[in-house]
Amino acid sequence: MRERALLIGEGQNLVGVLCEPEPAKKIAGAPAVLLWNVGIHHRVGPYRVFTDLARRLAAEGFTSLRFDVAGQGDSAPRRGVVEGNTHVADVQDVMAFLEKKMGFKAFVPAAFCSGVDACHALVRADPRVAGTIYIEPYAWRTPGFWVRYPLRFLDAKRWKRRLSNKQAGAEGEKPDDVALDPAAQEAAQQSDAGIVFSRSQPDPLVFGNEVAAIAARGTRMLFLYFGGDTNVNHAGQLWEMIGKSSGDLGGKVEVSFDGEADHILYRPADRARALEAMVAWTRKHFGGSVAS
């Protein structure tokens, strides 16, 4: 594996780290994986999950580039005015660089939480996207969610964690389970001054139609949802939310649901499972022949 720091963009304002596999392991024709900021996080991602993902993918033969969007992390602000989502323009600058300098023709962007806004706009518009990974993307509480919600109180593992947290809190340690119920989550985002952080979600059926159009184009999608924060509590909830089934989407859309992981994957075991799911999906769909 080799990692190099790069300056990218017309004004070389974007700072990124290119992570390449050993030449003998490099997969011919494989897409480049793109990773960028989660909210105000640095390009490494929450608890360095993107750095770990890039290195795991390099071991499998994939090249990736993790970078800071303009005006965040190490990247300087963008000059001039850009129509639409400026982060989309940043990602496309990175794609243009990799296409021109390294010959990549296809890409797999992986976005986490708020990063899905730009990623989804990019995937809809750019046919060079061969696949995409959405980590904790849009989520709507369906009737099925509320039917299943009381079952959480029968989960022995949850009660064991909560008892452990109580003990850890008494000793001044960081609790191991920060899951809140839906009402508490909304209250936690607000203060006397108003909402601390808020972002709008698209209409679920509109989003479902957009996902169907992306799948019809042949682009593969992986959705990762974590149940520790209770917005999603079943692997099949995506289909409830968007009014589609896996069959409707030609098998191009897959879901990985981890009922124990929390939203930001702060427990090492949670991150390990998420990383394995993403690496396995990438290997399965894009791990072709090895270059000579």
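Select Leu265, in the loop between strand 10 (253–258) and helix 9 (268–286); helices (H or I, at least four residues) and strands (E, at least two) are DSSP runs, numbered from the N terminus. This is a predicted model, in which local features need pLDDT of at least 70, side-chain atom pairs count only at pLDDT 80 or more, and totals for chains, interfaces and linings use all residues. Residues are numbered from 1 along each chain as its sequence is written, and side-chain values use heavy atoms, with hydrogens and water left out.

Leu265 is buried, with a relative accessible area of 0%. Buried means under 20% relative accessible area, exposed over 50%, partly exposed in between (1.4 Å probe, protein chains only). The phi of Leu265 is positive, near 55°. Most residues other than glycine have a negative phi.

Next, select Cys113, in the loop between strand 5 (107–112) and helix 3 (116–125). Cys113 is not a glycine, yet its phi is positive, about 55°. Cys113 is buried, at a relative accessible area of 16%.

Now go to helix 1, residues 49–60. Which of its residues are buried? They are Val49, Phe50, Thr51, Leu53, Ala54, Leu57 and Ala58. An α-helix has 3.6 residues a turn, so residues three or four places apart point the same way. Show strand 2 (14–20), strand 3 (32–36) and helix 9, which are among the elements covering the buried residues of helix 1. After helix 1 comes Gly61, with a positive phi near 105°.

Finish at Glu136, in the loop between strand 6 (131–135) and helix 4 (143–148). Glu136 is buried, with a relative accessible area of 10%.

Conventions. The expected span of a helix is 1.5 Å times one less than its number of residues. Contact means heavy atoms within 4.5 Å.
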